[in-house]
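Good morning, everyone, and thank you for making time for this.

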Amino acid sequence: MTGMLDAAGLWALFLHCLMLSLLAIGGAMATAPELQRYVVVDQGWLSSADFTSSVALAQASPGPNLMFIPVVGYAAGGLPGAMAALLGMLLPSTALTLAVTRWGARHRESRGVKAFIAGMVPVTLGLLIVSGALLVQPLRDQPVALLLMGGSLLLSWRTRVSPVWLIAIGALAGILGWV
């Protein structure tokens with residue numbers, strides 16, 4: 001699953017992640033559909049299943065949701081790909097966050113800031129739903145995987161079961177060859 005990109009490919013991955021960083025409203029996971037389109041559909045660096053596996057691997061490990069970015073970069077271009085993707089994703093958003101945080105704290109009670117935050121909630125929710133729908137596509141022919149995903153979603157929503165148990169059940173299903 002690990003590919004190698006030449007310098008032009010690494011530069012293109014860096015620039016694309018740089019652009020995605022500024023669109024990461026609601027977190028890096030909201031950029032998953034566009035990153036998938038770029039690395040799978042446009043560039044052909046990864047298959048859809050490899051992309052989904054990279055995201056799943058990163059989400060199963062401890063750490064921020066952002067960790068799927070270097071894992072996808074690694075799958076596309078090895079260690080240089082991971083560095084290009086991670087730096088591209090971190091540089092603009094970090095600089096913007098540092099610049100805007102103080103201004104936002106000073107103006108948090110203003111009508112404009114409140115309206116902006118209220119408007120971002122449905123945008124973020126929509127982006128996350130699209131990300132989920134995109135990540136399910138490689139599983140559409142695997143009824144056990146879809147059942148496992150639906151059950152996990154239902155248990156996460158309706159109970160307080162720890163996600164660690166759901167991950168363990170998924171790992172067990174994978175080990176047993178059910179998915």
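This is a predicted model: local features need pLDDT of at least 70, side-chain atom pairs count only at pLDDT 80 or more; totals for chains, interfaces and linings use all residues.

Let me begin with helix α7, residues 163–175, which has 13 residues and reaches 18 Å from its first C-alpha to its last, close to the 18 Å expected at 1.5 Å a residue, where the expected span is 1.5 Å times one less than the number of residues. When I say helix, I mean a DSSP run of H or I with at least four residues, numbered from the N terminus. Just after α7, G177 takes a positive phi of about 80 degrees.

Residues are numbered from 1 along each chain as its sequence is written, and side-chain values use heavy atoms, with hydrogens and water left out.

Staying with α7 for a moment, A171 lies in this helix, and at 40% relative accessibility A171 counts as partly exposed, a class between buried, under 20%, and exposed, over 50%, with a 1.4 Å probe and protein chains only. A171 and A60 are 111 residues apart in sequence, and their C-alpha atoms are 9.7 Å apart in space.

A60 brings us to helix α3, residues 48–60, which packs with helix α4, residues 68–106, at an angle of about 140 degrees, their axes being 8 Å apart. Axes here are lines fitted to C-alpha atoms, for helices over the stretch in contact, and angles run from 0 to 180 degrees between N-to-C directions. The angle makes α3 oblique to α4, since angles under 35 degrees count as roughly parallel, over 145 as roughly antiparallel, 65 to 115 as roughly perpendicular and the rest as oblique. The contact, meaning heavy atoms within 4.5 Å, is made by F51, S54, V55, L57, A58 and Q59 of α3 and F68, V71, V72 and A75 of α4.

How do the axes of α1 and α2 cross? Helix α1, residues 7–21, and helix α2, residues 32–42, have axes that come within 11 Å and cross at roughly 160 degrees, and the two helices are therefore roughly antiparallel to each other. A12, L13, H16, C17 and L20 of α1 make the contact with E34, L35, R37, Y38 and V39 of α2.
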